[in-house]
Amino acid sequence: MAVAALSSLPAKFAEHLADVVVQVEEFATTEQLQAVGLTDRWHLTGLYEGRPLHERSVMDTAEMPPMVSLFRQPLLAEWRETGVRWADLIRHVVIHEIGHHFGLSDDDMHALEDQAD
């Protein structure tokens, strides 16, 4: 479903995603939670880790690839609590996290989500 969400993005975005790694974990690590100011592992459904495109330079070398992590247990909990379609929830989280890769605002991310429908 994450791959389908990425595939739904307009070409101008998709062409800049080749180096982004998408992974699924049960929960965020303590370090990941601390990085975003959270303590409850149930409150983080997805996370972008990496340097956004607009902050990169050709001088940057030997960096780890940007990564989008989806956290399965918190996603399942949100899905059960909200009743949102599972595919729609995954798509929303993936697009939001990919938005960070592009340095987009929340409004821009919502517009991208609407555009990718």
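**Chat about the packing in a predicted model**

Me: Is Trp86 buried, exposed or partly exposed, and what is its relative accessible area?
Reply: Trp86 has a relative accessible area of 24%, so it is partly exposed. Buried means under 20%, exposed over 50% and partly exposed in between, with a 1.4 Å probe and protein chains only. This is a predicted model, where local features need pLDDT of at least 70, side-chain atom pairs count only at pLDDT 80 or more, and totals for chains, interfaces and linings use all residues. Residues are numbered from 1 along each chain as its sequence is written, and side-chain values use heavy atoms, without hydrogens and water.

Me: Which residue forms an aromatic pair with Trp86?
Reply: Trp79 does, edge-to-face, at 5.5 Å centre to centre and 70° between the planes. Rings of Phe, Tyr and Trp (its six-membered ring) pair if their centres lie within 6.5 Å; planes under 30 degrees apart are stacked, over 60 edge-to-face, the rest tilted. Trp79 is partly exposed, at 35% relative accessibility.

Me: How many aromatic pairs does that rule give?
Reply: The count is 3. One of them is Phe13 with Phe102, whose centres are 5.0 Å apart and whose planes are at 80°, so this pair is edge-to-face. Phe13 lies in helix 2 and Phe102 in the loop between helix 5 and helix 6, so the pair ties together parts 89 residues apart in sequence. Helices here are DSSP runs of H or I with at least four residues, strands are E runs of at least two, and both are numbered from the N terminus.

Me: Are Phe13 and Phe102 buried or exposed?
Reply: Both are buried.

Me: New topic. Which residues of helix 6 are buried?
Reply: In helix 6 (residues 106-115) they are Met109, Leu112 and Glu113. They cover an arc of only 100° around the axis, so they are on the same side of the helix. The arc is taken from the directions from the helix axis to the C-beta atoms. Asp107 and Asp114 are exposed on the other side.

Me: What do the buried ones pack against?
Reply: Helix 2 (11-14) and helix 5 (86-101). Contact means heavy atoms within 4.5 Å.

Me: And how many residues has the largest nonpolar core?
Reply: It has 19 residues, and Leu9, Leu17, Leu70, Val94 and Ile98 have the most contacts inside it. Helix 5 supplies the largest share, 6 residues. Such a core is a set of buried Ala, Val, Leu, Ile, Met, Phe, Trp, Tyr and Cys residues joined through side-chain atoms within 4.5 Å.
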